[in-house]
Amino acid sequence: MIHSDEKIRQMARSLLPSKHRKQSRKARKHIHRVARNEARQELAMWLRCNDLEADVPPCAPWEDTAIRQQVYWRQGGDKVNPFIRWATARTRHLPREARAGYIRGLLPRSVIGEHALGHLERTPAFEDPTEKAWRNRYWLHKQAQRRGALLDRGEQARLLRALIQEPDGQRTFNRFLRERHACASAPRNQGSWPRKGLPPHRPLLGLHDVLPFLDTLTRHPWGNAVRTWGQQEPPAHWVRLFLQRFKAHRGHIPSVRAALEAEGLLERAEKARLWNPPGR
């Protein structure tokens, strides 16, 4: 049996060998490589347009979010149960508000100790009930907002009719669907394909095609806009995403296009023309 300081050190270090460390390193390298390539392409296009007075375009704005998701995924592979049981047993005789400070005094004052302490903040033995209640209230509010953001069939039909009447609205909508389908159908995403294959891409043909277009949208049996693990977003999710941006920007197509380009969901028109010159 190991006791005293060596036991504390071993318990703190036991969290470090994450089960996802190798996959996380590969994913981090892939994210940085793709971001560098995209930044080089954006800068080359900006210089080729000879508009040096314009602002530099945002280069890979999605990189920070992707890295943050990889950090959470790596931390999810830490083996935390032995450490949580040990810390709970060591502080069983203390009041709840003094347990975190007691464990902080035992752990080494280093990155290892701070990392280990971070896994105890939301465990039942160490979490503040008031903070937990406020956090649950926050997530309930977010869930209500997300539920209110879902569009029913009538509102979708109304927005699609308004979209068609806007200049360049139908063309932008169909280009967004085409690019989303091409991205999901790329060879690099084959591991995320559903077993039955991706649903076919179908453009919006006009005002007479609004209701038939909504009838052909693929919906998940658990409800609309539900994304399950290991599957790409269905076309219903793509349509809802575009219509939400269209509604938020009050039907202004240039603003919708700029918002989707900033989120990395739509390629810039200049970049698309450079990659696909006329006649090809």
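Angles under 35 degrees count as roughly parallel, over 145 as roughly antiparallel, 65 to 115 as roughly perpendicular and the rest as oblique. This convention will be needed at the second stop.

The model is predicted: local features need pLDDT of at least 70 and side-chain atom pairs count only at pLDDT 80 or more, while totals for chains, interfaces and linings use all residues. Residues are numbered from 1 along each chain as its sequence is written, and side-chain values use heavy atoms, with hydrogens and water left out.

**First, select the whole protein chain.** It comprises 13 helices and zero strands (DSSP runs numbered from the N terminus; helices are H or I of at least four residues, strands E of at least two). Of its 280 residues, 34% are buried (under 20% relative accessible area, with a 1.4 Å probe and protein chains only). The chain exposes about 18700 Å², of which carbon and sulfur atoms supply 53% (Shrake-Rupley method, 1.4 Å probe).

**Next, select residues 153-165 and 235-248.** These are helices α8 and α11, whose axes come within 10 Å and cross at roughly 65 degrees (axes are lines fitted to C-alpha atoms over the stretch in contact, and angles run from 0 to 180 degrees between N-to-C directions). The two helices are therefore roughly perpendicular to each other.

**Finally, display the side chains between these helices.** On α8, select E155, Q156, L159, L160, A162 and L163; they meet R240, F242, L243, F246 and K247 of α11 (contact means heavy atoms within 4.5 Å). The residues of this contact comprise seven nonpolar, one polar and three charged (Ala, Val, Leu, Ile, Met, Phe, Trp, Tyr, Cys and Pro count as nonpolar, Asp, Glu, Lys and Arg as charged, and the others, Gly among them, as polar).

Terms used
Buried means under 20% relative accessible area, exposed over 50%, partly exposed in between (1.4 Å probe, protein chains only).
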